[in-house]
Amino acid sequence: MKKLFILLMILAAICFVTVWIYQTRRLKRNAQASISKGQVVINWGLIILFVIGLVGTFVAPDGKTTGTVQHQSATEHASTKISKAQSSSTTAKAASSAASSSQSGSSSSSSSSSSSSSQLQVDFPTDVSLNKTGDATVSFKAPANTQFEIKDSNNNVVTTLNGNAQGADQTYNFKKPGKYHVTAHNGDQTIDKDLTVRGISQ
């Protein structure tokens, strides 16, 4: 496209120079000769064509540039296809990995459930208040031969309750408000819980 504008500019320049030389010689031969409207139109037409060619030379895209742009576009298109293919492959791998993780999680969950079902089960209130006489009696329910160790907030052992073979409830009478930590032992099973004793309620 740029070459066409250059060719147009050259042809317009040649024609304009040729017409100008012809008109100049004609005026020299006959000083009284006048320039006709047709010649004026031709002159201006050639000038306009020259200007169009000149402007087009700078404005029109170069063939090399267009080819480069098309090549870059084709390359980007191919890269996009490759990226999509890689993305699909990655997604498939991720889905496969997620499925494996899900199965692993299920088996882990089932084993966790069986483990928790065999965990030591104890029951006692974890938030109590001293009564008007300054006492708070807490009853600890647990399987037979379960031992309870009660510590205060300074990690000092307050008392130890030894379990019995009958599995009867064990009780302890708290006298001081504060945070306590209760640890239950039964064979190789252990469970920890916190217990809060609040002051005398008004």
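Select leucine 54, which sits in helix H2, residues 37–59. This is a predicted model, so keep that in mind as you click around. Leucine 54 is partly exposed, at 34% relative accessible area.

**Into the core**

Next, pick Val122, Phe140, Phe148, Phe174, Leu195 and Val197; among the 19 residues of the largest nonpolar core, these touch the most other members. Colour strands S2 (136–140), S3 (147–151), S6 (178–186) and S7 (189–198) too, as each supplies at least two residues of this core. Zoom in on leucine 195: beyond its sequence neighbours, its contacts include Phe124, Val138, Phe140, Phe174 and Tyr180.

Step along to threonine 196 in strand S7. Buried or exposed? Threonine 196 is buried, with a relative accessible area of 14%.

**Salt bridges**

How many salt bridges are there to visit? The count is three.

- Aspartate 127 and arginine 198: the closest N and O atoms are 2.9 Å apart. The pair links strand S1 to strand S7, 71 residues apart.
- Lysine 175 and aspartate 135: here the closest N and O atoms are 2.5 Å apart. Each lies in a loop, S5 to S6 for lysine 175 and S1 to S2 for aspartate 135, so the pair ties together parts 40 residues apart in sequence. Lysine 175 is exposed at 52%, while aspartate 135 is buried at 16%.
- Lysine 151 and glutamate 149: their side chains meet at 4.0 Å, N to O. Glutamate 149 is partly exposed, at 24%.

Conventions
Residues are numbered from 1 along each chain as its sequence is written. This is a predicted model: local features need pLDDT of at least 70, side-chain atom pairs count only at pLDDT 80 or more; totals for chains, interfaces and linings use all residues. Side-chain values use heavy atoms; hydrogens and water are left out. A nonpolar core is a set of buried Ala, Val, Leu, Ile, Met, Phe, Trp, Tyr and Cys residues joined through side-chain atoms within 4.5 Å. Buried means under 20% relative accessible area, exposed over 50%, partly exposed in between (1.4 Å probe, protein chains only). Helices (H or I, at least four residues) and strands (E, at least two) are DSSP runs, numbered from the N terminus. Contact means heavy atoms within 4.5 Å. Lists of a residue's contacts leave out its neighbours within four places in sequence.
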